[in-house]
Amino acid sequence: MAHLLGAEGLHLEFPTKVVFDGVSLGVDEGDRIGIVGRNGDGKSSLMAMLAGRLEPDAGRVTVRGGVTVGVLDQGDTLDDSLTIAQHVVGDRAEHDWAGDAGVRDVIAGLVGDLDWNGPVAGLSGGQRRRVALARLLVGDWDVLALDEPTNHLDVEAVAWLAAHLKRRWSASSGALLVVTHDRWFLDEVCTKTWEVHDRIVEPFEGGYAAYVLQRVERDRQSAVIEQRRQNLARKELAWLRRGAPARTSKPRFRIDAANALIADVPEIRDKVQLQSLAVSRLGKDVVDLLDAGVAYDGRDVLRDVEWRIAPGERTGILGVNGAGKSTLLGLVAGTVAPTSGRVKRGTTVKVATLTQRMDELDQYMDDPVRVVISGLRTSYTIGTGSKAAELTPGQLLERMGFSSAQLSTPVKDLSGGQQRRLQLLLILLDQPNVLILDEPTNDLDTDMLAAIEDLLDSWAGTLLVVSHDRYFIERVTDQQYAVMDGRLRHLPGGIDEYLKLRSRSLSEQRSGGSATAGSTSTAPPTLAGSDLRAAQKELAAAERRIQKLTAQVDAARAALADHDQADYVGLGDKMRVIGEMQAEMSALEDRWFELSELLG
């Protein structure tokens, strides 16, 4: 493959830190390279040097003659005085850009739901990000350099962007460089991974999953690597191999060495023991939304919501901006009152919410970190059973990436990611038994996300997560729901099912909404005759069985709460039965999703 650009002996330093020393690397045609590493280690600086935006202190960047580089910055560079159309296509005549299939695809995928001739002033952060992406993607670039392209994008926009980049660079001779903390996006798009650490850039083959595998192997062979970081990576590899079918089915990740590396790694969460602990702390009742609805100014935001949240439940909530996710969480937390139906809350429930605003830190901004944690609990329990360990707040801070020197740093001088981690620590040390996480992954690098996921694995309580980070949702939750058209909908097929439902809904809207007489907006069934009737019968039976199992699990959990907590044998037997029923439900839900796809 032809060489596009490269770096020779790059050296970069700032007044207090050497960022790179003697870095040499190259970018060839067809490369799709993800750049990962801890915050502050130089990922954005590396991309800026390669794109010609930043001059190295020594060394040089070489670019093949005629090669053009398009750059997406992290910051917002849109001009509020211009319209969306002016930003995206400039002064090109309509017949010119409208006749370009690539331009039409970008416009439909990113800004098709916005006012094309309206100003960008007043758009949300996510909408402005989509306009900036569209402006870049309609251009004809040999190399695209994207710095955090998924920031502020929802799950749908991230999925569209991944599909577009894969399709575009599979059919072109260009290359892609992307700095992102979105691990699903890295795994979906990238064919190579560069890890920036300790003044160097270390290359790996494949996307995020393959990178984790190779890093574990590297760590295993290195006698000087940090043991904690190694164990976190091995644990994440175990999840990638065991718990994510969409990833483990990838041929490039079917490597026998992976199974050997994780042979002694236990399941990431002891679900039975965590649920038992959750029941003992919460009782049989958590929060029940019973035919609940919320209306503002005569408009229904939520309606007919029936959701009985169980002890130890780990649920991800999906939905477009403005769908009602925050209102739903407000009903659970008690900060929003229903205008119809009712909310029933258990007497022992203690809800805590990790918000995007970081309200918990407001009173501590001028205090050093050590002062903030000195008034908290003296210990926090990590793990369960024989693996339980008591950690001090200081040890927890270290586990979450704080150095001893940073204990003397005022909260206001911490980075966004450090403040986010401190916020989570304050909430956990308050010992809630229902935890709501609202976009918890903002400002965190991949290593810190793995550390927080590891911490949540040992947290015994009910967990509700709203996030645009697909990898995080799949990693820390066991089931997903979507807020769509004001209703709460269970997603047996997970995020993939949600994206298909959204795609179908958008197609119906573009074709004029609901089907008229004599026409239909849905695809014809892929089965016919006796096969069709058999599939419909099996689908109906699966739905009935899932409903029956759901009721049985709820009853079993209620009985568990009333059981003598000192009878460990009896508790274990009951939890084993619950686990078997949940396993059957999971298998049935998978089959339900398959049949739904076949039936259109």
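Q: Which residue caps the N-terminal end of H17?
A: A polar contact is a pair of N or O atoms within 3.5 Å; within protein, one must be able to donate a hydrogen and the other to accept it, and residues adjacent in sequence count only if both atoms are side-chain atoms. Here Asp-445 is the cap, with a side-chain oxygen 3.2 Å from the backbone nitrogen of Asp-447. This is a predicted model, in which local features need pLDDT of at least 70, side-chain atom pairs count only at pLDDT 80 or more, and totals for chains, interfaces and linings use all residues. Residues are numbered from 1 along each chain as its sequence is written, and side-chain values use heavy atoms, with hydrogens and water left out.

Q: How many residues of H17 are buried?
A: Buried means under 20% relative accessible area, exposed over 50%, and partly exposed in between (1.4 Å probe, protein chains only). In H17, 12 of the 12 residues are buried, including Met-448 and Glu-453.

Q: Which residue forms a salt bridge with Glu-453?
A: Side chains of opposite charge can pair when their charged atoms come close. A salt bridge is a side-chain nitrogen of Lys or Arg within 4 Å of a carboxyl oxygen of Asp or Glu. The partner of Glu-453 is Arg-183, with the closest N and O atoms 2.5 Å apart. Arg-183 is in helix H7 and Glu-453 in helix H17, 270 residues apart; helices are DSSP runs (H or I, at least four residues), numbered from the N terminus.

Q: Are Arg-183 and Glu-453 buried or exposed?
A: Arg-183 is buried at 0% relative accessibility, and Glu-453 is buried at 1%.

Note on methods: Helix = DSSP H or I, 4+ residues; strand = E, 2+ residues; numbered from the N terminus.
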